[in-house]
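Here are my notes for a first look at this structure. Please keep the model open beside them.

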Amino acid sequence: MSHTTSRDMFRSGIGAFAATLGSAIGLGNIWKFPFLTGMNGGSAFVFAYLLSVLLVGLPILVTEHVIGRRMRMNAVPAYAAAGRARIWSTIGYAGLIAAVLIMAFYTDIAGWVFAYVFKSLNAAASGRVLGPEDFQALAGGTLEPLAWQTMVLVLVVIIVGAGVSRGIERATKTLMPLLLVLLLVCDIRALTLPNSYAGVQFLFAPNPGRLSPAVLLSALGLAFFKLSLGMGTMTTYGSYLPDSTKILPNATRVALADTLVSLLAGLAIFPAVFSFGVEPNAGPGLLFITIPLIFSRLPLGWLFTAMFFILAAIATIGAMVSLIEVPTAFLAEKGGMSRFKAAVLSAAAMLVLGVFATLSMSPRYPGLKLFGLSMFDLFDFISSNILLPLGGIAIAVVGGWILSRDQYLGELGKNYLRQPGTHAALHAMVRWVAPVLITLILLNGLGVIRL
Ligand code: TRP
């Protein structure tokens with residue numbers, strides 16, 4: 001992806017939209033959004049998340065696309081050039097660390113997803129429904145989760161090393177509508193269960209009393225994680241956008257579609273949680289406990305359950321390919337090694353940290369804690385709640401302050417006859433609202449200041 005050679009580009013508006021959405025949709029929607037909502041008191045968290053997407057996520061997504069397309073380079077040189085100083089390439093370097101930390105726990109969950117494809121089929125063969133004890137046996141194990149995690153990483157290395165990521169992207173794009181349909185089936189089944197309305201209330205009935213500095217930071221971190229922001233992924237994607245793409249409408253559609261998928265997952269899971277009496281704050285296991293229960297109440301439920309986890313597995317591969325691509329491209333270009341070797345090296349780093357993350361989920365290894373957090377939670381916290389927001393502040397500073405207003409609006413307004421008023425408003429948000437808001441939420445959430 002050197003910027004001196006001629007660059008690949010998305011060929012159409014639809015291609016740009018689908019690729020951006022493909023990176024955004026993943027475990028963040030169906031696993032992380034519901035489990036964080038459950039842990040953080042429901043509607044207060046949903047409200048904070050929606051505000052984060054609108055006031056911070058969308059402006060930063062647009063800015064990453066603007067900088068990427070204007071510079072037509074990958075993140076490391078793009079920020080050095082846009083910021084007119086080498087120091088800004090730190091955004092790209094911090095992204096490397098974030099990618100490894102995220103993958104350390106992402107591959108653990110992806111391993112559970114793959115395992116659940118087989119577990120749901122096995123359970124069906126013996127006429128059982130998977131319950132919470134099945135999840136605890138898997139996540140609390142040693143060899144089993146590690147074997148799945150390693151398998152997932154090997155698969156991702158093969159895909160990236162063989163350069164067939166495009167095939168995966170295409171598969172993701174054609175199969176994601178199917179995941180959406182299955183989610184809708186889940187929604188309808190869950191919403192027609194007895195006492196399901198309690199779940200809807202949990203998600204949407206105003207509950208401002210539950211807002212706290214920690215909840216706000218968690219929601220902001222999720223907005224970054226969900227939209228793949230703050231580490232240069234979307235900057236690199238922006239560098240492939242054709243000049244004919246209208247950046248603001250494209251980014252708005254991505255943010256809307258991504259939010260819709262998250263809410264549909266929430267609307268499947270929480271009505272079921274309340275109907276079946278599962279604890280809403282069950283944590284990372286929530287998806288794996290509720291989905292088999294929901295489908296167990298449908299004819300051919302085992303088939304739906306298996307299909308759900310197969311489609312989820314495909315969605316995780318797409319997201320993981322985009323995550324491992326960050327260190328792989330860097331090592332291949334800067335380190336001058338083959339892509340395959342670079343992918344193996346990246347995966348090795350991810351696996352080393354990943355083993356700690358995975359084992360820290362098991363009650364058998366209570367010592368795997370640092371600062372009172374399990375390694376799993378720590379990697380998640382450092383990446384989503386610290387590194388990505390810090391990256392977001394830096395991106396807002398480069399886009400809103402160092403790049404001139406004319407340059408920014410010139411890129412944003414490409415292919416328009418007249419500059420729409422929304423562009424000026426968006427620039428003001430990038431300049432003032434986003435960096436100030438991120439800084440306040442970050443410092444407040446970390447306990448540095450008290451608002
Ligand atoms: N957004 C993806 C998800 O929701 C995860 C992801 C892919 C990501 N690429 C990223 C997160 C880059 C942060 C940065 O599953």
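1. Start with serine 383, which sits in helix H16. This is a predicted model. Is serine 383 buried or exposed? Its relative accessibility is 0%, so serine 383 counts as buried, the limit being under 20%. Leaving aside residues up to four places away in sequence, serine 383 touches Ala98, Leu101, Ile102, Phe105, Leu388 and Pro389. Alanine 349 lies 34 residues from serine 383 along the chain, and their C-alpha atoms are separated by 15 Å.

2. Now the whole chain. It holds 18 helices and two strands. How does its radius of gyration relate to the globule rule? The radius is 21 Å, close to the 22 Å that the rule gives for 451 residues, so the chain is as compact as a globular protein of that length. Along the principal axes, the C-alpha atoms fill a box of roughly 65 × 50 × 45 Å.

3. Of the 451 residues in the chain, 57% are buried. Take the contacts with a separation of 6 or more: 80% of them involve residues 24 or more positions apart. The accessible surface comes to about 17,700 Å². Carbon and sulfur atoms account for 69% of that surface.

4. The chain carries 29 positive and 17 negative side chains. The centres of these two sets lie 7 Å apart.

5. How many aromatic pairs does a search of the whole structure find? The search finds 20. One of them joins tryptophan 112 and phenylalanine 135. Their rings are 5.0 Å apart, centre to centre, with 85° between the planes, and the pair is edge-to-face. Tryptophan 112 belongs to helix H5 (residues 90-125) and phenylalanine 135 to helix H6 (residues 132-139). The pair links distant parts of the chain, 23 residues apart. Tryptophan 112 is buried, with a relative accessible area of 1%. Phenylalanine 135 is buried too, at 8%.

6. A second pair is formed by tryptophan 401 and tryptophan 432. Why is this pair edge-to-face? The planes stand at 85°, and over 60 degrees counts as edge-to-face. The ring centres are 5.0 Å apart. Tryptophan 401 lies in helix H16 (residues 375-402) and tryptophan 432 in helix H18 (residues 421-445), so the pair ties together parts that are 31 residues apart in sequence. Tryptophan 401 counts as partly exposed, at 39% relative accessibility. Tryptophan 432 counts as exposed, at 52%.

7. Return to the pair in point 5. Tryptophan 112 and phenylalanine 135 also belong to one aromatic cluster. The cluster includes Tyr116, Phe288 and Phe295.

8. Alanine 306 is placed in helix H14 (residues 301-334). Alanine 306 is buried, with a relative accessible area of 4%. Which residues does alanine 306 touch, not counting residues up to four places away in sequence? They are Ser120 and Leu121. Asparagine 122 is 184 residues from alanine 306 in sequence, yet 10.0 Å away in space, C-alpha to C-alpha.

9. Two loop residues call for a check of the backbone. Most residues other than glycine have a negative phi. Arginine 72 is not a glycine, but has a positive phi of about 50°. Its loop runs between helix H3 (43-71) and helix H4 (75-82). Leucine 300 is not a glycine either, and has a positive phi of about 60°. Leucine 300 lies in the loop between helix H13 (286-296) and H14. Leucine 300 is exposed, with a relative accessible area of 52%.

10. Finish with serine 244. Where is its place? Serine 244 is in the loop between helix H11 (233-238) and helix H12 (247-276). Serine 244 is partly exposed, with a relative accessible area of 48%. Not counting residues up to four places away in sequence, serine 244 touches Arg69 and Asn415. Glycine 391 is 147 residues from serine 244 in sequence and 28 Å away in space, C-alpha to C-alpha.

Note on methods
Residues numbered from 1 in each chain as written. Predicted model: local features only at pLDDT ≥ 70, side-chain atom pairs only at ≥ 80, totals over all residues. Heavy atoms only, no water. Helix = DSSP H or I, 4+ residues; strand = E, 2+ residues; numbered from the N terminus. Rg over C-alpha atoms; globule rule 2.2 N^0.38 Å. Buried < 20%, exposed > 50% of the residue type's maximum accessible area, 1.4 Å probe, protein only. Contact = heavy atoms within 4.5 Å. Areas by Shrake-Rupley, 256 points an atom, 1.4 Å probe, with all protein chains shown as cover. Lys, Arg positive; Asp, Glu negative; His and termini not counted. Charge placed at Lys NZ, Arg CZ, Asp CG, Glu CD. Phe/Tyr/Trp six-rings, centres within 6.5 Å; stacked < 30°, edge-to-face > 60°.
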